[in-house]
Amino acid sequence: AYERVLEIHSQHLAPMSTAYFPKPLLLHQGHMEWLFDYEGNRYLDFFSGIVTVSVGHCHPKVNAVAQKQLGRLWHTSSLFFHSPIHEFAEKLSALLPEPLKVIFLVNSGSEANDLAMLMARAHSNSTDIISFRGGYHGCSPYTLGLTNVGPYKMELPSGTGCQSTMCPDVFRGPWGGSHCRDSPVQTIRKCNCAPDCCQAKDQYIEQFKDTLNTSVAKSIAGFFAEPIQGVNGVVQYPKGFLQEAFELVRERGGVCIADEVQTGFGRLGSHFWGFQTHGILPDIVTMAKGIGNGFPMAAVVTTPGRANREVAFSSGSLPSAMVIKEEKLQENSQDVGTYMLRKFAELRDEFEIVGDVRGKGLMIGIEMVQDKVSCQPLPREEVNEIHDDCKRMGLLIGRGGIFAQTFRIAPSMCITKPDVHFAVEVFRSALIQHME
Ligand code: PMP
């Protein structure tokens, strides 16, 4: 059966852009944090799709709601009212602080960011949008201009009206990972302070100001930031940095957009939204992935004043993510996530090739290096080998960073501490095998 699937895939489906495994798994079934192949092998899914299956595969409560709705009504367009959408909007807006209360439902994170970009421009004299080096905001024609990481960095398609969208040198993750094409040398954290300590903040703020003053027009329409960079390999900002960056953008008339596609919905544990961990209030928040647990759902949330223009609006989605509140999954992210970070961090002391372990809640990055002195990324083939060994032993994790050198862990938020033990032991075994 596998050979047949491979054949169909090669003939009729586009190649997978970031397939790290020579032979991707052929999966059959999922239940909560577990996936099963046709041979009955089970895998602990510690990447939950790509940070998407927030409450677990085929969660019974989500299934029940979805099935009920599928049997009743699928689509009404935006020409009619359909009360599940209203109920959902009310619940979702209750999760956001004032004045972020108006919701546009869309179908993907890219689409949400497209819409946010249109909104930012609609209220500005400028068309310039900026984002960080290392940021990932989607792969639609508009958002490709914002995305600036690894294999996803592409030239802007012509005709999108997208002006400069890049902040060329603003942010290179200081805590591991060069996150920069031209500088392969890693800058792994040398001090032992907390990853969100403030040492580098002033330096980054100066760079940010330079960019605002030089490469971008004096006034800007909008600024996109992920509260923690996900695709770039779980990169955190120095404490206070994002807050100051927001102020600088606002001084120049720009609106600030928090891309919560990965960090939202309680994944970071301490707060429901990533922006709250920085003590900032965005003008626009975009969200996807965890909102739908795998259904194509996404949203843009903004203030009433900003939502008064006619902009694209599509709908027809299934409410699901409320399970996060009911089952206290944010609290679980905090509890199990803190524990997991500590457990994986122990490997940093055990293995020379584990350069950095960082993150927050259930969003953790493990950056692999050749050694802790040179901090060069571990060659891709070697990272592939460790990755594949984990899979063989029943653990699925993700990758990120320019050189795909960072393992990313972002499981469903229903995971338990025994799951963490299993994952750490499998990962440790894969590292030991690699060192032999
Ligand atoms: N923003 C962020 C932070 C993301 O991680 C992603 C997807 N990896 C997107 C936007 C785009 O979302 P989608 O794939 O649903 O278009």
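**Labels and the values behind them**

Me: Why is Ala345 called partly exposed?
Reply: In this predicted model, Ala345 has 16 other C-beta atoms within 10 Å. A residue is buried with 20 or more such atoms and exposed with 12 or fewer, so Ala345, with 16, counts as partly exposed.

Me: Where does Ala345 sit, and how far is Ala345 from Gly355 in space?
Reply: Ala345 belongs to helix 10, which covers residues 329-350. Between Ala345 and Gly355 there are 9.9 Å from C-alpha to C-alpha, and in sequence the two are ten residues apart.

Me: What makes helix 10 and helix 12 roughly parallel?
Reply: The axes of helix 10 and helix 12 (residues 417-435) come within 10 Å and cross at roughly 20 degrees. Angles under 35 degrees count as roughly parallel, and therefore that is the term for helix 10 and helix 12. The crossing of these two helices is right-handed.

Me: Why does Lys289 count as buried?
Reply: Lys289 has 28 C-beta neighbours inside 10 Å, and because the limit for a buried residue is 20 or more, Lys289 counts as buried. Lys289 lies in the loop between strand 8 (284-287) and strand 9 (298-302), and its phi is near 45 degrees, a positive value in a residue other than glycine.

Me: What makes strand 2 and strand 3 a pair, and in which sense do they run?
Reply: Two strands pair if there are at least two bridges between them; three bridges join strand 2 (residues 34-37) to strand 3 (residues 42-45), so the two count as paired, and they run antiparallel. Trp34 has Leu44 as its bridge partner in strand 3, while Leu35 has Tyr43. In the hairpin that these strands form, four residues stand between the strands, and Gly40 takes a positive phi near 90 degrees.

Me: How do you know that strand 3 also pairs with strand 12?
Reply: Strand 3 and strand 12 (residues 395-396) are linked by two bridges in the parallel sense, and since at least two are required, the pairing holds. Leu44 stands opposite Leu395 in strand 12.

Me: Why are strand 1 and strand 12 said to stand at the edges?
Reply: The open sheet has four strands in the order 1-2-3-12, with mixed pairing. Strand 1 (27-31) and strand 12 each have a single partner strand, so one side of each is left without a neighbour in the sheet.

Me: What is the value of omega for the peptide bond from Glu98 to Pro99, which is called cis?
Reply: The omega of that cis bond is near -5 degrees. Pro99 is in the loop between helix 4 (83-94) and strand 4 (102-106).

Me: Which residues come nearest to the ligand, and how does its shell divide by type?
Reply: Of the 15 residues around the ligand, Ser108, Gly109, Ser110, Gly138 and Val261 come nearest. The shell consists of five nonpolar, eight polar and two charged residues, and helix 5 (residues 109-122) gives the most to it, with three residues.

Technical notes
Residues are numbered from 1 along each chain as its sequence is written. This is a predicted model: local features need pLDDT of at least 70, side-chain atom pairs count only at pLDDT 80 or more; totals for chains, interfaces and linings use all residues. A residue is near a molecule or strand if its C-beta atom, placed from the backbone, lies within 6 Å of it. Ala, Val, Leu, Ile, Met, Phe, Trp, Tyr, Cys and Pro count as nonpolar, Asp, Glu, Lys and Arg as charged, and the others, Gly among them, as polar. Axes are lines fitted to C-alpha atoms, for helices over the stretch in contact, and angles run from 0 to 180 degrees between N-to-C directions. Angles under 35 degrees count as roughly parallel, over 145 as roughly antiparallel, 65 to 115 as roughly perpendicular and the rest as oblique. A crossing is left-handed if the near helix is turned anticlockwise from the far one by less than a right angle, and right-handed if clockwise.
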